[in-house]
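Welcome! Take a moment to look over the model, and then let us walk through it together.

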Amino acid sequence: MAQESSHSSSTTDVHRVVVIVDENSNPFELGCATEVFGLRRPEIGRDLYDFRLCSPEPRTLMRDGFFTLTGVGELDAADTADTLIVPNRPDIEVPRRAAVLDAVRRAHARGARLIGFCSGAFTLAEAGVLDGRRATAHWQWADSFRRRFPSVRLEADVLFVDDGDILTSAGSAAALDLGLHVVRRDHGAEVANSVSRRLVFAAHRDGGQRQFVERPMPDLADESLAPVLAWAQRRLDEPLTVSGLAARAAVSPATLHRRFQAQLGTTPLAWLTGERLAFACRLIERGESRFEVVARRSGLGTAANLRTLMRRETGITPSAYRRRFGPEVH
């Protein structure tokens with residue numbers, strides 16, 4: 001029996017995410033899409049997405065013949081997608097099926113959001129929807145991509161690229177980074193953080209661009225930083241400094257810097273700023289409309305500083321964030 005939806009018919013008004021699965025598709029990215037967009041979220045209290053799979057063939061041989069996927073919808077399900085995730089696979093030099101490329105073009109023409117995980121950027125580029133646009137792909141294939149698609153502005157040193165209605169991610173695990181970013185864009189930082197906890201995907205991953213997905217405190221192999229991180233998170237409204245964090249951890253500032261870089265991939269100051277911005281976002285989502293109060297309670301000081309940092313890190317102003325993610329939109 002063909003798959004209709006991972007959710008019940010009560011989700012007809014929920015944003016529909018459709019994944020096209022094609023021959024030799026990578027199962028990992030398919031699993032990432034299912035985990036982020038396809039699972040029920042009882043801890044949130046509502047369905048976030050209506051999730052469906054489709055394929056141009058009734059039987060789809062997955063990567064390297066590991067298994068065969070059956071029982072999913074036909075390719076015309078792509079025509080119902082609000083967000084369409086395109087096929088990705090390792091054989092990047094093999095042209096995609098014409099039927100799949102046509103489905104991508106139709107989705108783009110009617111205004112659907114398109115997502116390409118890893119080598120999915122090749123599918124989007126073959127369909128012609130990336131011409132003149134920003135995108136990323138796995139670093140291993142950057143030279144091949146640039147050679148084949150010179151009109152695409154490839155950014156090979158980032159985890160993902162959000163170019164509005166077309167989003168692409170780098171190597172396999174970056175599919176989770178991009179998926180969480182999409183959830184945050186659609187539903188706000190607090191919901192994205194809940195999904196992140198469910199995934200137990202907690203590593204700090206700096207993509208080198210304006211990406212700001214709130215993550216829970218990581219489980220560290222070396223737990224020496226965990227107490228000071230928890231201590232600081234409870235005191236974001238206080239005048240915390242790097243030297244103060246180092247004193248709390250009973251190490252020198254230089255040692256604290258080394259541990260942050262080794263365990264979190266960032267600096268103490270950047271981590272502290274990120275935590276304060278994440279808390280500011282949660283305050284706005286929960287209905288605090290006075291930006292002076294948001295700035296003070298999150299430790300960012302002034303509304304002007306809040307505006308500057310939020311625009312730098314998220315690309316939008318606090319007012320725009322409130323319109324997009326404030327309680328009145330849910």
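## The chain as a whole

The chain folds into 13 helices and 11 strands. Please keep in mind that this is a predicted model. Of its 330 residues, 54% count as buried. The accessible surface comes to about 14,700 Å², and carbon and sulfur atoms account for 50% of that.

How do contacts link parts of the sequence? Taking contacts between residues at least 6 apart in sequence, 64% join residues at least 24 apart.

## Aromatic pairs

Now to the rings. A pair of aromatic rings is described by the distance of the centres and the angle of the planes. Searching the whole structure turns up 6 aromatic pairs. One of them is Phe-37 with Tyr-49: the ring centres are 5.1 Å apart and the planes stand at 85°, so this pair is edge-to-face. Phe-37 belongs to helix α1 (residues 27–38), while Tyr-49 sits in the loop between α1 and β2 (50–55), so the pair ties together parts that are 12 residues apart in sequence. Both Phe-37 and Tyr-49 are buried.

Phe-122 and Trp-141 make another pair, with centres 6.4 Å apart and planes at 85°, so they too are edge-to-face. Here the partners come from helix α3 (residues 120–127), which holds Phe-122, and the loop between β8 (134–135) and α4 (142–148), which holds Trp-141, so the pair ties together parts that are 19 residues apart in sequence. Phe-122 and Trp-141 are both buried. They also form one aromatic cluster together with Phe-145 and Phe-149.

## Two sides of helix α9

Which residues of helix α9 (residues 253–263) are buried? They are Thr-255, Leu-256 and Phe-260. Looking down the axis of α9, you will find these buried residues within an arc of 135°, so they line one face of the helix. The face turned away from that buried side carries the exposed residues Arg-258 and Ala-262.

The cover over the buried residues of α9 includes α7 (226–233), α8 (242–249) and α10 (268–285). Just after α9 comes Gly-265, with a positive phi of about 70°.

## A buried histidine

Finally, find His-181 in helix α5 (residues 174–187). Is His-181 buried or exposed? Its relative accessible area is 11%, and buried means under 20%, so His-181 is buried. The side chain of His-181 has a polar partner in the side chain of Asp-162, with a contact of 2.7 Å.

Note on methods:
Residues numbered from 1 in each chain as written. Predicted model: local features only at pLDDT ≥ 70, side-chain atom pairs only at ≥ 80, totals over all residues. Heavy atoms only, no water. Helix = DSSP H or I, 4+ residues; strand = E, 2+ residues; numbered from the N terminus. Buried < 20%, exposed > 50% of the residue type's maximum accessible area, 1.4 Å probe, protein only. Polar contact = N/O pair within 3.5 Å; in protein donor to acceptor, adjacent residues only side chain to side chain. Phe/Tyr/Trp six-rings, centres within 6.5 Å; stacked < 30°, edge-to-face > 60°. Contact = heavy atoms within 4.5 Å. Areas by Shrake-Rupley, 256 points an atom, 1.4 Å probe, with all protein chains shown as cover. Arc of directions from axis to C-beta.
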